[in-house]
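Have the structure open and follow along.

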Amino acid sequence: MTQPKSESKKEEFRKYLESTGVLDAFTKVLVGLYEEPEKPGDALEFVKQHLHGGPPKSVEAETSKKEIQELQQRNQELEQQVAQLQAALANYQSEGQDAS
């Protein structure tokens, strides 16, 4: 009698996986692996990458690279501004001490 209970639990779990889209996601990834003309050396890594949506899209990567470059440029400008302000402050302080 334990076998029907076990089968019931398996069926319940299968329905859960199906209703949450897990079965579809696994099926799509496995079909993609099957259809790969050159099978990857690490099938598990292939599955992991494709379940997570794969590597970033080229448009997203280009946008991120551009944003990084802009932020690095802005950072350089701000560092230069800080250096100038520190020099001006040091100059101002030394003039104040000379006047005393």
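## R14 and E18 in helix α1

R14 and E18 sit four residues apart in helix α1, so about one helical turn separates them. This is a predicted model, and in it the two residues form a salt bridge, with their closest N and O atoms 2.6 Å apart.

How exposed are R14 and E18? R14 is partly exposed, at 35% relative accessible area. E18 is partly exposed too, with a value of 46%.

Helix α1 covers residues 2–19, and K10 and E7 are both in it. They're three residues apart, so here again the separation is about one helical turn. Their side chains meet in a salt bridge, at 4.0 Å from N to O. The cut-off for calling a salt bridge is 4 Å between a Lys or Arg side-chain nitrogen and an Asp or Glu carboxyl oxygen.

As for solvent, K10 has 52% relative accessibility and therefore counts as exposed. The line for "exposed" is drawn at over 50%. E7 comes out as partly exposed, with a relative accessible area of 41%.

## E77 and R74 in helix α4

Now jump to helix α4, which takes in residues 58–99. E77 and R74 are three residues apart there, so they're separated by about one helical turn. A salt bridge joins their side chains, with an N to O distance of 3.6 Å.

Both partners are partly exposed: E77 has a relative accessible area of 37%, while R74 has 44%.

## The overall count

How many salt bridges turn up in a search of the whole structure? The search finds five. Among them are K10 with E7, R14 with E18, and E77 with R74.

## A nonpolar patch

Which residues make the nonpolar surface patch? F26, L30 and L51 do, and the patch comes to about 270 Å². One of these residues, L30, lies in helix α2, which runs over residues 22–35.

To get into this patch, a residue needs over 30% relative accessible area and no salt bridge, and nonpolar side chains are joined within 5 Å.

Conventions. Residues numbered from 1 in each chain as written. Predicted model: local features only at pLDDT ≥ 70, side-chain atom pairs only at ≥ 80, totals over all residues. Heavy atoms only, no water. Patch = residues over 30% accessible without salt bridge, like charges linked within 9 Å, V, L, I, M, F, W, Y side chains within 5 Å. Areas by Shrake-Rupley, 256 points an atom, 1.4 Å probe, with all protein chains shown as cover. Helix = DSSP H or I, 4+ residues; strand = E, 2+ residues; numbered from the N terminus. Buried < 20%, exposed > 50% of the residue type's maximum accessible area, 1.4 Å probe, protein only.
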